[in-house]
Amino acid sequence: MKNTVLSAKGLCKSFAHNGGQAHILQHIDFELYEGDFTVIMGASGSGKSTLLYALSGMDRATGGEVIYGGRDIVKLRESELAKLRYTEFGFIFQQMHLVSNLTLFENVAVPGYLNKSRSAADVRSRTERLLEQVSVSHVKNQLPSQVSGGEQQRCAVARAVINLPRILFADEPTGALNRKNTTGVLDLLTGLNVAGQSVLMVTHDMRAALRANRILYISDGKMIGELTLPPYKSEDENSREAQVNAWLTSLEW
């Protein structure tokens, strides 16, 4: 039986809108299992990114609870949330958000230095290993503007895992990449997951969704479907895509 690393119960998110309330998330129950590669899909405006932000503490839910490490993070103070996000969670976004005047090496290393849980020498060593792992060590002394979008995103993945996060959250991480760079980033995320990293990713990209062993579907702020798959193998991609397509069609995707 899989261990639950994060769970939500009755999760709601509303905004004031035109004198009333816009309900973005509606009483969502959710469990993220340790070591899983879980993907959330849904049409534009369905609430999938809002759900990711609420689960990760980047945005505060307006109802329900999110349990991580025995605590309801919805009730944490902002300083506690910031520490949690910094030490336990990693984040990758469609826009890389690399610091423009820092080299790729520095972009990865700085969060490790700020964590203060390891020595500077350990952080430098881990940064070197990660940059090699994501195949950007040859441009580690370049600024983000001097490398390709794919290299920037692979650097962003390395930065996201420098502090050994228990959960890696990804919001459309391949949305700004071409097909070749998309494959490279997805291969990297798949490799991290095979090594034990828990991944929760929001995407509308079928190629990205195929890497998951569990896909959840959200519509109008409600979780309406779930598909469980075996671990990803490239040789099974065609049959896997047919299965996922049929499931999405049944949900009127």
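Helices (H or I, at least four residues) and strands (E, at least two) are DSSP runs, numbered from the N terminus. On that basis the chain has eight helices and 10 strands. The radius of gyration, taken over C-alpha atoms, is 18 Å. The globule rule, 2.2 Å times the number of residues to the power 0.38, also gives 18 Å for 253 residues, so the chain is as compact as a globular protein of that length.

The model is predicted: local features need pLDDT of at least 70, side-chain atom pairs count only at pLDDT 80 or more, and totals for chains, interfaces and linings use all residues. Residues are numbered from 1 along each chain as its sequence is written, and side-chain values use heavy atoms, with hydrogens and water left out.

Start with the whole chain. Its C-alpha atoms fill a box of roughly 50 × 45 × 40 Å along the principal axes. Of the 253 residues, 51% count as buried. Buried means under 20% relative accessible area, exposed over 50%, and partly exposed in between (1.4 Å probe, protein chains only). Contact means heavy atoms within 4.5 Å. Among contacts between residues at least 6 apart in sequence, 70% join residues at least 24 apart.

Now take helix α3, residues 104-115. Its buried residues are Leu-104, Phe-105, Asn-107, Val-108, Ala-109, Pro-111, Gly-112 and Asn-115. What covers them includes α2 (78-87), α4 (120-133) and α5 (149-161). Lys-116 follows α3 and has a positive phi, near 65 degrees.

Next comes empty space. Rolling a probe the size of a water molecule over the atoms shows where such space is left. The search runs on a 1 Å grid over the protein atoms alone. A cavity is a set of points where a 1.4 Å probe fits but cannot get out. A pocket is an open set with protein on both sides within 12 Å along at least five of seven lines. Lining residues have an atom within 4 Å of a point. Grid points are joined across faces, edges and corners, and a volume is the space filled by probe spheres set on the points.

The largest pocket has a volume of about 370 Å³. Its lining counts 19 residues, and Tyr-86, Phe-91, Pro-111, Arg-159 and Ala-160 lie nearest the centre. Helices α2, α3 and α5 and strand β6 (89-93) each supply at least two lining residues. Strand β6 gives the most, with four. By class, the lining has 13 nonpolar, four polar and two charged residues. Here Ala, Val, Leu, Ile, Met, Phe, Trp, Tyr, Cys and Pro count as nonpolar, Asp, Glu, Lys and Arg as charged, and the others, Gly among them, as polar.

The structure also holds one cavity of 30 Å³ or more. About 40 Å³ of space lies in the largest cavity. Ala-54, Gly-57, Asp-59, Arg-60, Ala-61, Ile-73, Val-74 and Leu-81 line it. That lining divides into five nonpolar, one polar and two charged residues.

Turn to the aromatic rings. Rings of Phe, Tyr and Trp (its six-membered ring) pair if their centres lie within 6.5 Å; planes under 30 degrees apart count as stacked, over 60 as edge-to-face and the rest as tilted. By this rule there are six aromatic pairs. Phe-89 and Phe-91 form an edge-to-face pair, 6.5 Å centre to centre with 80 degrees between the planes. Phe-89 and Phe-91 are both buried. Tyr-217 and Trp-247 have ring centres 6.4 Å apart and planes at 90 degrees, so this pair is edge-to-face. The pair links distant parts of the chain: Tyr-217 is in strand β9 (214-219) and Trp-247 in helix α8 (237-250), 30 residues apart. Tyr-217 is buried at 4% relative accessible area, and Trp-247 is buried at 13%. One aromatic cluster consists of Tyr-68, Phe-89, Phe-91, Phe-93 and Phe-169.

Backbone angles come next. Most residues other than glycine have a negative phi. His-27, in strand β2 (residues 20-33), has a positive phi near 55 degrees. His-27 is exposed, with a relative accessible area of 61%. Ser-135, in the loop between α4 and α5, has a positive phi near 65 degrees. At 43%, Ser-135 is partly exposed.

Finish at Thr-182 in helix α6 (residues 179-194). Thr-182 is buried, at 1% relative accessibility. Leaving aside neighbours within four places in sequence, Thr-182 is in contact with Thr-174, Leu-177, Asp-205 and Arg-207.
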